[in-house]
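Please look over the sequence and the structure shown here before reading on.

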Amino acid sequence: DQLRRDFPVSLTSREISGNGFAFESTEHFNIGDNLEVVLILQQMPLKLASGVGTVVRSDKGGYALEFNSIREPDQQALVRAVFEEQRSQIRAIKSA
């Protein structure tokens, strides 16, 4: 609940990397807007990553944010989360 109060705008990530992410939102953002974001990487146990970035792209499909400031442990957690998701997708393809 505290996290939702501190960060009231909800974003839906479409693509994540250690340098930024693409997202959708019902809010409007302009290229050049600076945002402080918290990403929920995992629900149980709860794993978060946070950073500050700039909106670098805007199109009808959403936005892209490039991190300007992200702590190294958070960046490493993002990279691990992306790697784990890719590994999971590969396993799913192989078992299909």
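Is Glu24 buried, partly exposed or exposed? Glu24 is partly exposed, its relative accessible area being 37%. The model in which this residue is seen is a predicted one. The points below describe the chain as a whole and then turn to its salt bridges.

**Overall architecture**

- The protein chain contains 2 helices and 5 strands.
- Read from the N terminus, the order of these elements is α-β-β-β-β-β-α.
- Along the principal axes, the C-alpha atoms of the protein chain occupy a box of roughly 40 × 30 × 25 Å.
- Of the contacts in the protein chain between residues at least 6 apart in sequence, 44% link residues that are at least 24 apart.

**Surface and burial**

- The protein chain has 96 residues, and buried residues account for 24% of them.
- Its accessible surface amounts to about 7000 Å², and carbon and sulfur atoms contribute 49% of that area.

**Charges**

- Side chains of opposite charge can pair when their charged atoms come close.
- The structure contains 3 salt bridges.

**The salt bridge of Arg14 and Glu24**

- The side chains of Arg14 and Glu24 form a salt bridge, with a distance of 4.0 Å from N to O.
- Arg14 belongs to strand 1 (residues 12-17) and Glu24 to strand 2 (residues 20-24), so this pair ties together parts that are 10 residues apart in sequence.
- Arg14 is partly exposed, at 41% relative accessibility, and Glu24 is partly exposed at 37%.

**The salt bridge of Arg57 and Asp59**

- A salt bridge joins Arg57 to Asp59, and their closest N and O atoms are 3.7 Å apart.
- Arg57 has a relative accessible area of 42% and is therefore partly exposed.
- Asp59 also counts as partly exposed, with 39% relative accessibility.

**The salt bridge of Arg71 and Asp74**

- Asp74 and Arg71 are joined by a salt bridge in which the closest N and O atoms are 3.2 Å apart.
- Asp74 counts as buried because its relative accessibility is 7%, and buried means under 20%.
- Arg71, by contrast, is exposed, because its relative accessible area is 53% and exposed means over 50%.

How values were computed. Residues numbered from 1 in each chain as written. Predicted model: local features only at pLDDT ≥ 70, side-chain atom pairs only at ≥ 80, totals over all residues. Heavy atoms only, no water. Helix = DSSP H or I, 4+ residues; strand = E, 2+ residues; numbered from the N terminus. Buried < 20%, exposed > 50% of the residue type's maximum accessible area, 1.4 Å probe, protein only. Contact = heavy atoms within 4.5 Å. Areas by Shrake-Rupley, 256 points an atom, 1.4 Å probe, with all protein chains shown as cover.
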